[in-house]
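Hello,

Here is the structure you asked to look at. My notes follow below it.

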Amino acid sequence: MSGERGRVRARVVRPGELSAREIEVWRELRARSGVPANPFMEPEFTLAVGRARARTARVAVLRGDGEEPLGFLPYERTRFGGARAIGYGVSDCQGAVLRPGSGLSARELLRGCGIFAFEFDNLEDGQGALSEGVVESFSSPVIDVSGGYAAYEAWLRRHSPKFLRTTLAKERKLGRESGDGLRFVFDERDPAALRTLMGWKSAQYRRTGRRDRFAQEWISRLVRDLHQAAPGGRSGVLSVLYAGERPVAAHFGLRSRTVLSCWFPAYDPDFRRYSPGLVLHLRMAEAAAREGIGLLDLGRGDAEYKDSLRTGALAVHEGACVRPGVRSGVRWIGREPVRRAHSFVRNRRALAGHARRVLNHVGRFRGGTQG
């Protein structure tokens, strides 16, 4: 599908229909952007979502007056001509990939793509045109290991000495009491280990009263697909901490050459007294530094372990860019009151704490009725 609307022409295709040259240009634009190379913004993630959600996943290949693409907007189609960011709900970094200095407004971008709205919940900072639709911003904690792991551990000794001392002591104790010692694998290729992680994570979702993401087939398929991608490049990375031969904690995330995006961490509840998830994150940071990765992005959301591990934060944003019209009004009525209610609770510590306690209670009740 193609069309010309104003000065922007858009060829809208399924992700798998992108040419080799278009994928190459996409990578070149990201490399020139000057922002962290978040793997959710690389073409590999969009291609994987395209395989998991072929019915809705699209990429608008944007062109101006030149022969080369002006940029790309990966998205998923919604009803009545709307769109939302590719992988919406699970992607931790979203937005357009545009040539520097393109000067596009949000309205021009949407008109060029033939959509009336573009909704996002983790928009990358500095997105230019799409930033016009931001309604709320969030902190995404990061671990900077660009100076090497020793420098990061020294930083922890200064800023979180009790956390580091306690976690390392628990690591040693787990190694002693497991009998066979600890073993860490940064890029575990065994599909059985991935199934173990997904099982732990599903149980955690149910236990805390949250929706089980892996109960959605497209998400399970997406994760399995990304794990099967060729190791060592832009792909999914499964990291596992073993006590002897038994996995006790695991994490599945995405990596680019310089950024590891933390995505699905979980651990075996039988080992919770050793804090294996925290031990795992320290070993991930150590291995990432050896691999030349300079940044671990822990993702948006409040969590005590993130506060303990973080050295800084990036910003991500929520909102929508919308072209004026009747459909925009209908969308506002259907979405905005719910979004504002969530924001109201989230931004009030007491209410947010009460909501978490209610979810945990629901999770325990469900667990009891299913037992």
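Serine 275 lies in the loop between β12 (259-267) and α8. Helices (H or I, at least four residues) and strands (E, at least two) are DSSP runs, numbered from the N terminus. The phi of serine 275 is near 50 degrees, a positive value in a residue other than glycine. Serine 275 counts as buried because its relative accessibility is 17%. Buried means under 20% relative accessible area, exposed over 50%, partly exposed in between (1.4 Å probe, protein chains only).

A word on the source: this is a predicted model, where local features need pLDDT of at least 70, side-chain atom pairs count only at pLDDT 80 or more, and totals for chains, interfaces and linings use all residues. Residues are numbered from 1 along each chain as its sequence is written, and side-chain values use heavy atoms, without hydrogens and water.

Next, helix α8 (residues 276-290). Its 15 residues should span 21 Å at 1.5 Å a residue, and the end C-alpha atoms are 21 Å apart, which agrees. The expected span is 1.5 Å times one less than the number of residues. Of the 15 residues in α8, 12 are buried. Among them are Pro276, His281, Arg283 and Met284. Just after α8, glycine 292 takes a positive phi of about 90 degrees.

Phenylalanine 80 is found in the loop between β4 (71-77) and β5 (82-85). Its phi is positive too, about 60 degrees, although phenylalanine 80 is not a glycine. This residue is exposed, with a relative accessible area of 60%.

Finally, arginine 176 lies in helix α5 (residues 161-177). At 60% relative accessibility, arginine 176 counts as exposed.

Best wishes
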